[in-house]
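This briefing covers one protein chain, topic by topic. Please look over the sequence and the model before reading on.

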Amino acid sequence: YISELFEGFSGRASPRDLETLLQLVYLYFTAPRRDEVAFRALLGQLDALLANRGRSPQAALQDTLAVTMGQGHPRARPLSRETLREVDLDRAYHFFRQRFAGSDGFTFVLVGSLDLPRVQPSVERYLGGLPVAGGQQGWQDLGIRPPSGVVEKRVVQGIEPQSRTVVVFSGPFDFTPEDRLGMRILGSILETRLRERLREEMSGTYGVTVETSYDRFPYGRYTLSVAFGSDPRRVEELTTALFDEIRTLQNEGPTTEQVLAAREQERRTRETSQQENAWWLTQLSLAYQNGTDPRLLADSSLLDGVTPEKVRDHAVRWLRQDQYVRITLWPEGPPSSNP
């Protein structure tokens, strides 16, 4: 994979096939294959997917959100049939060889049922034997930032009498263990409260979701997004209730019961996840990428310090009502269904 900030490889295998997995990593570094037939086949598949995607109202909503959050930056634009035509095999192959010219700067993380004495020779041969290029270029801050202030946009597409609303809060973020936990707890409590208000009390939506994310690079940042579907005629009513619930959370804070429930959910999720290799692989990789202490992954003591007062403070800091993006999907149709 090659992302905005990092490049690398990921894979999995049974313990007896680990050597084959390491051989593949070695070959990707040292002998990538330029395949014109595979390249054209991939472009054809992507073109067909994008043609169908262009007719999807949900895709139009997500694309508008991506362009808005990236303020139209070329590197933040969604993939389209037009941008697909810009792809050139020779340039892609050259770029790949450049980014994987050597193993300096790479950190390899192996997780699983490993017999270390048996694994060591293969690791030394296939990872330790990788070339070193020298002068590998690190990531760059491309200056992609969300817009400031309040931005509201409408997307009119589709004939189904339904709407979807997405509200995204974003801003600077201190990438500390306390704030990362606080963001997850805030998202959990807000989702519970909005579900009770919008779905159960108002019967206005089948479901509401709250998603949180945070990054340390290229700068400390967070996003907290709220999404719900509804009858077009109830969009404004439900959006007003959403912000009312946020203001109540900022003024009064959550109940003790809500905090205890969110803490217990976080604890159960952690305990379950820690039984899975994939969780450890992801968390250890992120710890090395972000320069955080991986030993903190086994520490759950911070949970006991989460209080209603802290959650209220987080809500004030991260749910600013003068800093958000709202995108609403409206169906095509008469004014009565598209106010």
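The buried residues of helix α3 pack against α2 (36–53), β1 (150–156), β2 (163–172) and β5 (324–330). Helices (H or I, at least four residues) and strands (E, at least two) are DSSP runs, numbered from the N terminus. The model is predicted: local features need pLDDT of at least 70, side-chain atom pairs count only at pLDDT 80 or more, and totals for chains, interfaces and linings use all residues. Residues are numbered from 1 along each chain as its sequence is written, and side-chain values use heavy atoms, with hydrogens and water left out.

**Helix α3**

- Helix α3 covers residues 57–69, which is 13 residues.
- From first C-alpha to last, α3 reaches 18 Å, close to the 18 Å expected at 1.5 Å a residue; the expected span is 1.5 Å times one less than the number of residues.
- Ala59, Ala60, Leu61, Leu65, Thr68 and Met69 are the buried residues in α3. Buried means under 20% relative accessible area, exposed over 50%, and partly exposed in between (1.4 Å probe, protein chains only).
- Just after α3, Gln71 has a positive phi of about 50 degrees.

**Overall chain**

- The protein chain has eleven helices and five strands.
- Along the principal axes, its C-alpha atoms fill a box of roughly 65 × 50 × 35 Å.
- Of the 339 residues in the protein chain, 35% are buried.
- Contact means heavy atoms within 4.5 Å. Among contacts between residues at least 6 apart in sequence, 82% join residues at least 24 apart.
- The protein chain exposes about 19700 Å², and carbon and sulfur atoms supply 50% of this area. Accessible areas come from the Shrake-Rupley method with a 1.4 Å probe; for residues, only the protein chains shown count as cover.

**Salt bridges**

- The count of salt bridges is 27, where a salt bridge is a side-chain nitrogen of Lys or Arg within 4 Å of a carboxyl oxygen of Asp or Glu.
- Arg34 forms a salt bridge with Asp90, with the closest N and O atoms 2.8 Å apart. Arg34 lies in the loop between α1 (18–30) and α2, and Asp90 in helix α5 (residues 89–99), so this pair ties together parts 56 residues apart in sequence.
- Arg34 is partly exposed at 39% relative accessibility, and Asp90 is partly exposed at 46%.
- Arg193 forms a salt bridge with Glu245, and their closest N and O atoms are 3.0 Å apart. Because Arg193 lies in helix α7 (residues 177–201) and Glu245 in helix α8 (residues 235–252), the pair ties together parts 52 residues apart in sequence.
- Arg193 is buried, with a relative accessible area of 9%; Glu245 is buried, with 10%.
- Glu264 forms a salt bridge with Arg267, at 3.9 Å between the closest N and O atoms. Both residues lie in helix α9 (residues 256–273), three residues apart, about one turn of the helix.
- Glu264 is partly exposed at 35% relative accessibility, and Arg267 is partly exposed at 21%.
- A network of salt bridges links Arg263, Glu264, Arg267, Arg268 and Asp304.

**Aromatic pairs**

- The structure holds 19 aromatic pairs. Rings of Phe, Tyr and Trp (its six-membered ring) pair if their centres lie within 6.5 Å; planes under 30 degrees apart count as stacked, over 60 as edge-to-face and the rest as tilted.
- Phe29 and Phe100 form an edge-to-face pair, 5.8 Å centre to centre, with 85 degrees between the planes. Phe29 lies in helix α1 and Phe100 in the loop between α5 and α6, so the pair ties together parts 71 residues apart in sequence.
- Phe29 and Phe100 are both buried.
- Ring pairs link Phe9, Tyr28, Phe29, Phe96, Phe100, Phe106 and Phe108 into a cluster.

**Nonpolar surface patch**

- Phe108, Leu110, Leu114 and Leu116 make a nonpolar surface patch of about 330 Å². Patches are made of residues with over 30% relative accessible area and no salt bridge: like charges are joined within 9 Å, nonpolar side chains (Val, Leu, Ile, Met, Phe, Trp, Tyr) within 5 Å.
- Leu116 is found in helix α6 (residues 116–126) and is exposed, with a relative accessible area of 59%.

**Ser230**

- Ser230 lies in strand β4 (residues 221–230) and is buried at 9% relative accessibility.
- Leaving aside neighbours within four places in sequence, Ser230 is in contact with Gln162, Ser163, Gly204, Val235 and Leu238.
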